[in-house]
Amino acid sequence: MNGREHIKIDAGNYQRGKLKGRKPTSAQLCKHRDGNYYIHIQIKDSAPTPIKSNNVIGVDFGRRDIAVTSNGDKWDGKQINDVRDKFSRVRASLQKKATKGTRSTRRRARQILKRLSGKERRFQQWLNHNISKSIIQSALKNHAVVAIEDLTGIRERTLQLPRSKTERRRSNSWSFYQLRSFLEYKGIQFGVEVIAVPPAWTSQTCHQCLHIGLRSDKRFKCINEACSWSGDADFNGSKNIAAIGVNLVNSPRGSNCLCCVLSVDSSGLLKAHTVPDRGSVWVVYF
Ligand SMILES: [Zn+2]
């Protein structure tokens, strides 16, 4: 390009609407592979001050389900797992073709593989957008803070039990990190605080009586006879996450008194305690 050129912007109504009345201060002009030029325009928005609240929605990222909230909302993994399994079957057969077939078959297989990975990624992204959007909207409606597990725990937790090859692929490839980052940025955008809580014991503890219970896949069963709550394991987890979240929003910043040691109560069962001088602190002690 020589000197300065005037180029007419070919923007749709949506883009024009977004730009109306705004004064963008930066933009990048990019030449894409298709040969066209695209302009990326940045618009600054000031984020609303996050709502302060003692009401906490806990979100558990599950083994089977993608997410379960302490309000009882649930996104089951069936649909996504079906789609992913289908993609993975197709991919396996294509990969075979991409290494063994004739030259043109190999090239064709590589092309389809590439297209497939884009499709799968977009589907996952679309689902993560929807999940994070409805969690943040529900938090707005209920004036609540959203508590999620610190995701470094996910691998440890899902690695505890021996799993089939299919299940390993699912839990390692599902993008919890994307879901978390979507939750965080939508939280900032709409003024909903998103906090991460330590994941220790959230899936093993009974949310009703704080005793350690039995978890088998989708079910949680409290072994304390006086309580004997049983139900959806991820829902139980989300209740515990919410309880830790309540403690976190009530404690002054920096004095995080959570720890994860356990005690044995009079009946010999492991128990997570509430400590009287710290209010309703969700702490577990020896
Ligand atoms: Zn219980």
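Leaving aside its neighbours within four places in sequence, which residues is Val59 in contact with? They are Ala67, Val68, Thr69, Ile135, Val146, Ala147, Ile148, Glu149, Ser238 and Ile241, where contact means heavy atoms within 4.5 Å.

A word on the source: this is a predicted model, in which local features need pLDDT of at least 70 and side-chain atom pairs count only at pLDDT 80 or more, while totals for chains, interfaces and linings use all residues. Residues are numbered from 1 along each chain as its sequence is written, and side-chain values use heavy atoms, with hydrogens and water left out.

Now to the sheet, with helices (H or I, at least four residues) and strands (E, at least two) taken as DSSP runs numbered from the N terminus, and strands counted as paired if DSSP finds at least two bridges between them. Five strands form an open sheet of mixed pairing, in the order E5-E4-E3-E6-E7. Strand E5 (74–75) and strand E7 (194–197) stand at the edges with a single partner strand each, so one side of each is left without a neighbour in the sheet. Strand E6, residues 145–149, pairs with E7 in the parallel sense over four bridges, and Ile148 has Ala196 in E7 as its bridge partner.

Of its 21 residues, Val59, Phe61, Ile131, Ile135, Val146 and Ile148 touch the most other members. Helix H3 (103–141) is among the elements that each supply at least two residues of this core, and H3 gives the largest share, six residues.

Key
A nonpolar core is a set of buried Ala, Val, Leu, Ile, Met, Phe, Trp, Tyr and Cys residues joined through side-chain atoms within 4.5 Å. Buried means under 20% relative accessible area, exposed over 50%, partly exposed in between (1.4 Å probe, protein chains only).
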